[in-house]
Amino acid sequence: MRLTKFLFLMAPLAVGLPLAVNSAEISVKMAGGQYGPGTVTAAVGDVLKFENYSGDKHGVFSPTTGYAVDIGNMKPGESASLALGRNGLFEVESVYHPDMLLKVEVK
Ligand SMILES: [Cu+2]
């Protein structure tokens with residue numbers, strides 16, 4: 001069964017989610033022990049779609065202070081979406097693969 005999670009990266013003082021009608025979905029593929037691409041520039045309201053194309057599970061979270069991003073374990077074939085609700089710069093790592101890094105800039 002294909003599991004799809006959907007999370008919101010909340011603004012510090014969320015007064016509703018100003019998601020743009022024309023928000024973009026940005027694909028981040030997990031394969032070969034890396035996120036691809038390794039750097040993403042996005043706009044508030046865009047959605048990052050993580051797709052695990054590898055044969056490993058990955059524990060997707062952000063080590064950046066102030067970013068409570070924890071998608072949790074993603075098994076091979078699973079996907080998960082993260083809506084970007086505020087601007088800023090944060091990193092995404094994998095619990096099991098500390099060298100797996102994704103830098104996200106939300107403008
Ligand atoms: Cu991993």
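The protein as a whole averages a pLDDT of 86, and 84% of the residues score at least 70. The model is predicted: local features need pLDDT of at least 70, side-chain atom pairs count only at pLDDT 80 or more, and totals for chains, interfaces and linings use all residues. Residue numbers start from 1 along each chain as its sequence is written.

The secondary structure comes to zero helices and ten strands. Helices (H or I, at least four residues) and strands (E, at least two) are DSSP runs, numbered from the N terminus. From that terminus on, the elements run β-β-β-β-β-β-β-β-β-β. Among contacts between residues at least 6 apart in sequence, 58% join residues at least 24 apart.

Five strands form an open sheet with the order E4-E10-E9-E6-E7 and mixed pairing. Its edge strands are E4 (39-42) and E7 (70-74), each of which pairs on one side only. Neighbouring strands of this sheet are turned by 15° against each other on average, direction ignored; axes are lines fitted to C-alpha atoms, for helices over the stretch in contact, and angles run from 0 to 180 degrees between N-to-C directions. Two strands are taken to pair if DSSP finds at least two bridges between them. In general, strands of a sheet pair through backbone hydrogen bonds, either parallel or antiparallel.

Strand E9 (residues 88-94) pairs with strand E10 (residues 102-106) in the antiparallel sense over five bridges. In this pair, Glu91 stands opposite Lys103 of E10. E9 also pairs with strand E6 (residues 58-61), again in the antiparallel sense, over two bridges. Here the bridge partner of Val60 is Ser94 in E9. The antiparallel pairing of E6 and E7 covers four bridges. His58 stands opposite Met74 in E7, and Phe61 has Asp70 of E7 as its bridge partner. In a regular strand the side chains alternate between the two faces of the sheet. In E6, His58 and Val60 make up the covered face, while Gly59 and Phe61 make up the uncovered one.

Val92 is found in strand E9. Val92 counts as buried because 24 C-beta neighbours lie inside 10 Å; a residue is buried if 20 or more other C-beta atoms lie within 10 Å of its own, exposed if 12 or fewer, and partly exposed in between, with C-beta atoms placed from the backbone. Not counting residues up to four places away in sequence, Val92 touches Tyr35, Val60, Ser62, Val69, Leu102 and Val104. Of the 107 residues of the protein, 21% count as buried.

The largest nonpolar core has 16 residues. Such a core is a set of buried Ala, Val, Leu, Ile, Met, Phe, Trp, Tyr and Cys residues joined through C-beta atoms within 7 Å. The residues with the most contacts inside this core are Tyr35, Leu48, Phe50, Ile71 and Leu82. Strand E2 (25-31), strand E5 (47-52), E7, strand E8 (79-84) and E10 each give two or more residues to the core. The largest share, three residues, comes from E8. Leu82 touches Leu7, Leu9, Val47, Leu48, Val69 and Ile71, not counting residues up to four places away in sequence.

Two loop positions complete the description. Pro37 is found in the loop between strand E3 (34-36) and E4. The peptide bond from Gly36 to Pro37 is cis, with omega near 0°. Most residues other than glycine have a negative phi, and most peptide bonds are trans. Asp56 has its place in the loop between E5 and E6. With 15 other C-beta atoms within 10 Å, Asp56 is partly exposed. The C-alpha atoms of Asp56 and Met30, 26 residues apart along the chain, are separated by 9.3 Å.

Definitions and conventions:
Contact = placed C-beta atoms within 7 Å. pLDDT = per-residue confidence, 0-100.
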